[in-house]
Amino acid sequence: MREGRALLGTNADAQIDLRALTEGITGLDRARQLMAPEQLVPEPFAQQLRHAFEQRAQGVPVAYILGRRGFWRHEFQVTPDTLIPRPETEILLEWALELIPEDQPLTIADLGTGSGILSVCMAAERPCAILLATDISPGALAVARRNQKAILPTQSILWILGSWADSLADESLDMVVSNPPYIPQDDPHLFAGDLRFEPQSALAAGRDGLDDYRILIHQAARVLRPSGWLLVEHGHDQAQAVQALMHQEGFTRLDTRMDFAHLPRASGGQKPSL
Ligand SMILES: C[S@@+](CC[C@H](N)C(=O)[O-])C[C@H]1O[C@@H](n2cnc3c(N)ncnc32)[C@H](O)[C@@H]1O
């Protein structure tokens with residue numbers, strides 16, 4: 001920890017990272033670290049810790065150093081091919097779960113699945129549902145598949161390599177969920193902090209950040225059955241624009257959900273019934 005502080009500094013964020021890396025590598029949780037600050041860790045762990053602290057000092061996100069991140073009730077493998085799961089995405093998941101009955105075999109697609117968090121959690125919480133997930137990144141899809149095998153070894157999800165809903169049939173789905181890239185391509189945040197280590201293809205979406213919504217909302221109107229729901233995550237300042245795109249494509253009952261910071265974070269709508 002002393003070596004870590006020398007590398008990362010002593011501010012609160014650095015302390016959180018040091019404790020998380022120490023817990024992830026040694027298994028000593030925060031309480032045990034605090035109770036026994038002078039405890040020595042065995043040399044193989046010490047070497048791993050030194051390496052981890054050096055990587056963090058170079059800016060590598062903690063989740064990539066440990067190769068995993070918790071989301072909902074599960075631990076997901078993440079690699080530099082995948083976005084690091086964010087807590088805000090649980091808002092989208094909770095909304096989807098409210099709309100998926102426990103006893104009906106609804107067909108649901110997770111477009112742009114990344115590490116698979118949404119499809120795996122929906123499959124875990126609603127075992128009757130039939131889950132499909134697409135991603136344009138073969139690397140991300142491989143990670144998602146591994147996560148499903150580790151977390152839900154007895155269930156299956158149909159993993160599809162391809163763009164959004166390109167390969168899905170007309171009126172074949174009851175629900176579409178997606179957390180697409182939504183950051184404007186010249187937003188300086190893309191080139192700072194953890195984001196600079198994450199795949200640009202998972203983050204940036206054209207000049208206004210809305211390029212992927214234009215495509216996937218249009219496609220969702222085609223692949224959803226009448227009365228099917230579309231739910232998407234978006235940036236805190238994009239709710240109006242996303243709702244307008246949904247309205248243009250004929251979706252009704254438009255609604256927006258707030259995140260933990262009371263910022264608009266997910267919007268959804270229903271395809272009209274016949
Ligand atoms: C913001 S990340 C979300 C990942 C995951 N759903 C999550 O919430 O952590 C967006 C994902 O969309 C994928 N993606 C980008 N363009 C795509 C496209 N044209 N078709 C399908 N997936 C795409 C990226 O590879 C990335 O995995």
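**Figure 1. Overall dimensions of the predicted model.** With 274 residues, a compact globule would have a radius of gyration near 19 Å, and the protein agrees with this at 20 Å. The radius of gyration is taken over C-alpha atoms, and the globule rule is 2.2 Å times the number of residues to the power 0.38. Along its principal axes, the C-alpha trace spans about 70 × 45 × 30 Å. The protein contains 10 helices and nine strands; helices (H or I, at least four residues) and strands (E, at least two) are DSSP runs, numbered from the N terminus. The model is predicted, with local features needing pLDDT of at least 70 and side-chain atom pairs counting only at pLDDT 80 or more, whereas totals for chains, interfaces and linings use all residues. Residues are numbered from 1 along each chain as its sequence is written, and side-chain values use heavy atoms, with hydrogens and water left out.

Figure 2. Axes here are lines fitted to C-alpha atoms, for helices over the stretch in contact, and angles run from 0 to 180 degrees between N-to-C directions.

Figure 3. Strand 3 (residues 107-111) pairs with strand 6 (residues 173-178) in the parallel sense over four bridges. Within this view, Ala109 stands opposite Val176 in strand 6.

**Figure 4. Helix 9 against helix 10.** The axes of helix 9 (residues 211-223) and helix 10 (residues 239-248) come within 9 Å and cross at roughly 30°. The two helices are therefore roughly parallel to each other, where angles under 35 degrees count as roughly parallel, over 145 as roughly antiparallel, 65 to 115 as roughly perpendicular and the rest as oblique. Their crossing is right-handed: a crossing is left-handed if the near helix is turned anticlockwise from the far one by less than a right angle, and right-handed if clockwise. Tyr213, Arg214 and Ile217 of helix 9 meet Val242, Leu245 and Met246 of helix 10. These residues divide into five nonpolar, no polar and one charged; Ala, Val, Leu, Ile, Met, Phe, Trp, Tyr, Cys and Pro count as nonpolar, Asp, Glu, Lys and Arg as charged, and the others, Gly among them, as polar.

**Figure 5. Helix 2 against helix 4.** Helix 2 (residues 12-26) and helix 4 (residues 43-57) have axes that come within 10 Å and cross at roughly 145°. The crossing is right-handed. Residues of helix 2 in the contact include Leu18, Leu21 and Ile25, and those of helix 4 include Phe45, Leu49 and Phe53. By class, the contact has seven nonpolar, three polar and two charged residues.

**Figure 6. Helix 6 against helix 7.** The axes of helix 6 and helix 7 (residues 117-125) come within 11 Å and cross at roughly 35°. Helix 6 passes helix 7 in a right-handed crossing. Thr89, Leu92, Leu93, Ala96 and Leu97 of helix 6 make the contact with Ile117, Leu118, Cys121, Met122 and Glu125 of helix 7.

Methods: Contact means heavy atoms within 4.5 Å. Two strands pair if DSSP finds at least two bridges between them.
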